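Here is a short report on one protein model. Look at the structure first, then read on.

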Amino acid sequence: MADTSTPDGPRVCVIGAGACGLAAAQVLKERGIPFDVYERGSDLGGQWRFGNDSGTSAVYDSIELNSSSAMSGFPKLPMPADYPTFPGHAQMLDYLERYAAHFELRPHIRFRTRVVEVRPAAGGGYEVGTTEQVSRHYDAVIVASGFHWDPKPTPTVRGRFTGHQLHSKEYKTPEDVRGGRVLVVGFGNTACDVATELSQVADRVVMSVRRGFWVTPKLYGSRPLDRFNPFLARYVPMALQSVLLTAMLWAKQGSLARYGLPNPDHLVLRTHPATCEGFLPAVRAGRIAVRPAVDRFDGDRVVFADGTAEAFDTILWCTGFRFSFPFLPPSLTPVMNGPMRLFRRMVMPGRPGLYFLGFVKPLSAITVQAEAQAEWIADLIDGTTVLPGPDDLAAEIAEDERRVRRRYTATPRLTVEIDWYRYLTQLARDRRRLAAPATTRPATAKEVAAV
């Protein structure tokens, strides 16, 4: 593919053509900032292209968004009104293709091109090496490669299991385990979804749960639960939100102990809950049995922490993904399993021009946050906004970390948890307070074109 960038102004590399990469592309194009998008697969969509030949998609055939269609689109192009309330992967991919067509983004994407190396360049910027066997210089790099594609290693368990084992990323349809005895390990969205689906076709489904989490429905009455989020976020303090939502769930479903599940030791919103409409009814009906953590294997038998044991044909590990940046050297790789040393979850101190987009986990669709992040990053690239000085930058990062630790129960995903409304408000405030004076900043590409 021909290089669609021009040498005028800062030149930007975007890694990934999923939802977050497309958001970056749209904003850069709108600003008149030259850019290239590198996508390792043969088409756009990232996670939402079912069976993506990039090898990075973890979606299964029956997956649905946990957020409603009205709340899941990019602000600049809402989802079509005729979409189902909770779109599946086919609708989400269709939406991303419409988005790319509407903003004419495809000419900027280099498909079947994997970034293999990003390294600081002498004199500033970055050298980006790809499978095209070409190294190109960029003034800025936006990493939008996502964090649901590299499965965590299977947990180490004593003994040997003689049945079939797979990670949730490998799970696509229930056909491979139809009629079998299946153990699902985990208690997140995927574990609840898949266990519910398998309970319709497998002979036996057991779910291994180490600790209690809240399970939220997608609907409260006839309304999508996420339609309450904007009102609560704007007008109700977070501590009171947690109490109200906890009370709402108790009123709707009662104690989780009545389902055989461990009760959470925290209020709702202290961690991200598992969202699944049919899971609790399936547990209560006996279609899904609940057991504690796995202790050891003995042939086809699994022994649990409470001493009970049961034979299984398949173990499905819904144990999550690790943060991976195989194209970055250690000096450019952010810490993702501890305090995230990124300003506003995007900027690595001391590495001008390197940005991370989409590495946040809100209680809403990622699209809104991705677009806001892209606008903020574009401000930094074209000089509309400047970063605080080094001392102020470090202080603000530390304060963000303290705020997150006060809000959320400590989990491996603590680094990416955000209060979506407060985060968007914070970015909007930053764009105002850190704005560069018009007399000192360089003219943007859009301003130059207008002259």
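This is a predicted model: local features need pLDDT of at least 70, side-chain atom pairs count only at pLDDT 80 or more; totals for chains, interfaces and linings use all residues.

## Helix H9

Start with helix H9, residues 390-407. It has 18 residues, which should span 26 Å at 1.5 Å a residue.

Which residues of H9 are buried? They are Leu 393, Glu 396, Ile 397, Asp 400, Glu 401, Val 404 and Arg 407. Seen down the axis of H9, these buried residues fall within an arc of 140°, so they line one face of the helix. An α-helix has 3.6 residues a turn, so residues three or four places apart point the same way. On the other side of H9, Asp 391 and Arg 406 are exposed. The cover over the buried residues of H9 includes helix H6 (238-253) and helix H10 (420-433).

## Helix H3

Helix H3 covers residues 89-102, and it has 14 residues. From its first C-alpha to its last, H3 reaches 20 Å. That is close to the 20 Å expected at 1.5 Å a residue.

The buried residues in H3 are His 89, Met 92, Leu 93, Tyr 95, Leu 96, Tyr 99 and Ala 100. They cover an arc of only 155° around the axis, which puts them on the same side of H3. Ala 101 and His 102 are exposed on the other side of H3. What lies over the buried residues of H3? The cover includes H1 and helix H8 (366-382). Just after H3 comes Glu 104, with a positive phi of about 55°.

Arg 31 sits in helix H1, residues 19-31. Is Arg 31 buried or exposed? Arg 31 has a relative accessible area of 12%, so it counts as buried; the cut-off is under 20%. The side chain of Arg 31 makes a polar contact with the side chain of Asp 379, at 2.8 Å.

Gln 369 is in helix H8. Its relative accessible area is 0%, so Gln 369 is buried. Which residues does Gln 369 touch, leaving aside its neighbours within four places in sequence? Gln 369 is in contact with Val 360, Pro 362, Ser 364, Ile 418, Trp 420, Tyr 423 and Leu 424. Now compare a position in H9. Ile 397 is 28 residues from Gln 369 along the chain, and their C-alpha atoms are separated by 19 Å.

## Cysteines

How many disulfides does a search of the whole structure find? The search finds 0. Cys 20 is in no disulfide; the nearest cysteine sulfur belongs to Cys 13, and it is 15 Å away. Cys 20 is buried, with a relative accessible area of 12%.

A disulfide needs the two sulfur atoms within 2.5 Å. Cys 192 is also buried, with a relative accessible area of 0%.

## Confidence

Residues 1-6 are another matter. There, pLDDT stays under 50. For residues 1-6, the model has 18 contacts beyond four places in sequence.

Technical notes:
Residues are numbered from 1 along each chain as its sequence is written. Side-chain values use heavy atoms; hydrogens and water are left out. Buried means under 20% relative accessible area, exposed over 50%, partly exposed in between (1.4 Å probe, protein chains only). Helices (H or I, at least four residues) and strands (E, at least two) are DSSP runs, numbered from the N terminus. A polar contact is a pair of N or O atoms within 3.5 Å; within protein, one must be able to donate a hydrogen and the other to accept it, and residues adjacent in sequence count only if both atoms are side-chain atoms. pLDDT is the predictor's confidence in each residue, from 0 to 100. Contact means heavy atoms within 4.5 Å. The expected span of a helix is 1.5 Å times one less than its number of residues. The arc is that of the directions from the helix axis to the C-beta atoms.
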